[in-house]
Amino acid sequence: MTDTVLEIRDVHTVLGGNSIHRGIDLAVRRGEVVALIGGSGTGKSVLLREIIGLLKPRSGRIELFGQSVWDATPAQLNLLRRRFGVLFQDGALFSSLNVEDNVATPLFEHTTLPHGTCRQLARLKLGLANLPADVAKKKPSELSGGMRKRVALARALALDPELLFLDEPTSGLDPISARAFDRLIRLLADSLGLTIFLVTHDLDTLFSIIDRVIVLSNGRVLGSGTVAELKQLDDPWLSAYFAARTEEASPHGN
Amino acid sequence: MTARARYDAAARALIASGDWQAEAAAALPDMAGQPVAVLDGSALTRLDTNGAWLLLAAAGLDAGAPMPELRGFTPSHRALIELVAQHCTATARQPDAARDGLRSLTGRGAVAMGRHVAGLLDFVGRLTVESLALIGRPGQWRWRELAAQVRDIFVGAIPIVVGMLFLLGVVFAYLLGDQARKYGANIFVVDGILMAILREISPVIVAILVAGRTGAAITAQLGTMKVNEEIDAIATLGLSPVAVLVIPRMLALLIAMPLLVFIGDVAGIFGGMLVAQEQLDISSHMFVDRMADVLLLKTLLIGLVKAPVFAIFIALIACRMGFSVTRDSRSVGANTTSTVVQSLVAIIILNAVFAVTFVQLRI
């Protein structure tokens, strides 16, 4: 199956008088793990919010599973929302619910399963997200940042979406947790056949788990391809971006 | 394709077909606890983790039953179901948490109440120490913050105070006038209105309005600052959160409340005056003349003396509840509610104490 899951055509966005996107075109095929990168303020998160139906672009077309997001009726949009999961930057867990109920909330709302079964399924997702069984009854405020992200990932997986959006999944994590999170994402993508679209700044994520990278610059897509292909592009921001890692890798002083 | 499943009792096999997702739960046959030795997935068209778990749970895997033999699954479905099977032990059905009995609820409530009072005392102590330290150093007062708070608390509340007290004055004069007219005691309505508005209604109603309007706002604002770690940031910069946030608000309330009560007095008397003119034929000249005869300065002062006391309590409760917010969004709401309730209770109790004290002192 190589059909297109996400397609964006000629999207223009103006926010507060600033032109953010000036004609973005991109497509993501089923089963791909795609990263969106770009300097601060290039509208990566804005684009993500437009894709998931939270922010309306000025013009252009965004299609998920062949259905236009911004022409869909509310009922169609809700059906569409069941087919993708979103991991927000800070997890966005509901602070008044315990971990288990956080993960079970999409199941409570969108399925007819009894609540006991929903909670059992929630614990399955927590297990898939590599969390120990004893976190299920804790409150989000009692967890570390890395655990909160994994709970949020488990919630994003609750309805078994085909497509997963991740907004800076490794930001705020220490390097060890960040790499473990990367491996977890890749493992889930492979074993559950997920398509993953993530916004990131993390070079290590790009080098380890990504099939394809899309670069945003000056409101347009600058390029798309593997990291090796992108390194061939002649762009000052991109060169500086990749140089940051080579500097880090080379020994200092001796 | 819709999900279907049937149980073959002879082979002890559960045979599933179609799209197995969360909604497929309804398709599960009634197994009545019979063991499942074989799971047949040869006719499955789709399988996700929710569907896989439902099949495994039907085979009793979440309750510790052995893994059934998998038959006819495609390699990817088999991999998925094996992945889910690894995590099945964590999904065992758990008993509902025991509910607290009356005794433990009472005990917990008492402990929480004790902590609450201790926390309030601690807060009052810190506030006193910081205030005393600031008295000798007017240069360190937050004049700008104070002015901004007075504007918010005083100017912003004038319309609602005028509106409420005017209407209360109208209602009070109307009801009182209705009674007084039966005895031909029309002119004494003026005495009654003055006494009631100045001494009781205006201070209490203004305090209630301020508690609901400003007290809630202070708690919500300080609580959100606490959640965003802004208060920690203030402390780390070497500033005292009490001096920066609490003292300006408390002083602003101290300044604003008596002024609001006075404005409320005027609005209430004006409302009463209108009704007296329309209903009892007491012209505004007669009303003012009578006012000059019977209004004692102490009646006005009693109302104005209550105001700063109410203000101190509202400020104390609101700031303290704001600071005791924990880092989740629900506690901001809970503490804001608590501020309003505590303030109202405090106002009513204080008002009763004032009433008894003034009577005992023959004021």
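This briefing describes the two chains of the structure above and the contact between them. The structure is a predicted model, in which local features need pLDDT of at least 70 and side-chain atom pairs count only at pLDDT 80 or more, while totals for chains, interfaces and linings use all residues. Residues are numbered from 1 along each chain as its sequence is written, and chains are lettered from A and ligands numbered from 1 in the order in which they are written.

**Chain A**
- Chain A holds nine helices and 10 strands, where helices (H or I, at least four residues) and strands (E, at least two) are DSSP runs numbered from the N terminus.
- Chain A has 254 residues, of which 42% are buried, a term that requires 20 or more other C-beta atoms within 10 Å of the residue's own, with C-beta atoms placed from the backbone.
- Of the contacts in chain A between residues at least 6 apart in sequence, 63% link residues at least 24 apart, a contact being two residues whose C-beta atoms, placed from the backbone, lie within 7 Å.

**Chain B**
- Chain B contains 11 helices and four strands, and 35% of its 363 residues are buried.
- Of the contacts in chain B between residues at least 6 apart in sequence, 82% link residues at least 24 apart.

**Where the chains touch**
- The contact draws 20 residues from chain A and 22 residues from chain B.
- On the side of chain A that touches chain B, the elements giving two or more residues are helix 4 (115-128) and helix 6 (175-192) of chain A, and helix 4 of chain A gives the most, with eight residues.

Methods: A residue is buried if 20 or more other C-beta atoms lie within 10 Å of its own, exposed if 12 or fewer, and partly exposed in between; C-beta atoms are placed from the backbone.
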